[in-house]
Amino acid sequence: AIYQEIVDGVNGELAQYERIKRLALLPTEFTIGGGELTPTLKVRRSIVVARWQNVIDALYRDSARTELSK
């Protein structure tokens with residue numbers, strides 16, 4: 001609920017196409033030691049996708065259901 005309030009506040013200042021529509025909270029932060037970040041703190045997308053593919057798929061699956069129900 002706390003994060004949703006923050007997102008709602010940010011979304012109020014954005015155009016429709018810029019708004020955050022879905023989000024997922026992960027149980028851990030991305031770290032250099034965990035391999036998700038480079039030493040310059042860039043996201044290693046291939047590693048993040050490999051580890052969190054099920055969460056990413058669920059976000060898109062939920063998106064498709066929402067669009068179909070409109």
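Biologist: Which residues lie nearest the centre of the largest pocket?

Modeller: Some ground rules: this is a predicted model, where local features need pLDDT of at least 70, side-chain atom pairs count only at pLDDT 80 or more, and totals for chains, interfaces and linings use all residues. Residues are numbered from 1 along each chain as its sequence is written, and side-chain values use heavy atoms, with hydrogens and water left out. A pocket here is an open set of points on a 1 Å grid over the protein atoms alone, where a 1.4 Å probe fits and protein lies on both sides within 12 Å along at least five of seven lines; lining residues have an atom within 4 Å of a point. The lining has 14 residues, and those nearest the centre are Arg 22, Leu 23, Ala 24, Leu 59 and Tyr 60.

Biologist: How do the residues of that lining divide into nonpolar, polar and charged?

Modeller: Ala, Val, Leu, Ile, Met, Phe, Trp, Tyr, Cys and Pro count as nonpolar, Asp, Glu, Lys and Arg as charged, and the others, Gly among them, as polar. By that scheme the lining of the largest pocket holds 10 nonpolar, one polar and three charged.

Biologist: And what volume does the largest pocket have?

Modeller: Grid points are joined across faces, edges and corners, and the volume is the space filled by probe spheres set on the points. For the largest pocket this gives about 310 Å³.

Biologist: How many helices and strands does the chain have?

Modeller: Both are DSSP runs numbered from the N terminus, with helices (H or I) needing at least four residues and strands (E) at least two. H1 covers residues 2-11, and H2 covers residues 45-69. The count for the chain is two helices and zero strands.

Biologist: Why does Val 7 count as buried?

Modeller: Val 7 sits in helix H1. Buried means under 20% relative accessible area, exposed over 50%, and partly exposed in between (1.4 Å probe, protein chains only). Val 7 therefore counts as buried, its relative accessibility being 11%.

Biologist: Leaving aside neighbours within four places in sequence, which residues is Val 7 in contact with?

Modeller: Contact means heavy atoms within 4.5 Å. Val 7 and Ile 20 are 13 residues apart in sequence, with their C-alpha atoms 7.1 Å apart. With those neighbours set aside, the partners of Val 7 are Ile 20 and Leu 23.

Biologist: Asn 11 is in helix H1 too. Which residues does Asn 11 touch, not counting those up to four places away in sequence?

Modeller: Asn 11 is buried, at 11% relative accessibility. Its touching residues, on that count, are Arg 19 and Ile 20.

Biologist: Is Lys 21 buried or exposed?

Modeller: Lys 21 belongs to the loop between H1 and H2. A polar atom of its side chain lies 3.1 Å from the backbone oxygen of Gln 16, and one lies 3.3 Å from the backbone oxygen of Arg 19. The relative accessibility of Lys 21 is 52%, so Lys 21 counts as exposed.

Biologist: What distance does the polar contact joining the side chains of Glu 36 and Arg 51 have?

Modeller: A polar contact is a pair of N or O atoms within 3.5 Å; within protein, one must be able to donate a hydrogen and the other to accept it, and residues adjacent in sequence count only if both atoms are side-chain atoms. Glu 36 lies in the loop between H1 and H2 and is buried at 6% relative accessibility. Its side chain reaches the backbone nitrogen of Thr 31 at 3.1 Å. With the side chain of Arg 51, the distance is 2.7 Å.

Biologist: Which residues does Val 48 touch, not counting those up to four places away in sequence?

Modeller: Val 48 is in helix H2 and is buried, with a relative accessible area of 12%. Its C-alpha atom is separated by 8.5 Å from that of Phe 30, 18 residues apart along the chain. The residues Val 48 touches on this count are Phe 30, Glu 36 and Val 43.

Biologist: Last one: what value is phi of Leu 41 near?

Modeller: Most residues other than glycine have a negative phi. Leu 41, an exposed residue at 58% relative accessibility, is in the loop between H1 and H2. Its phi is positive, near 65 degrees.
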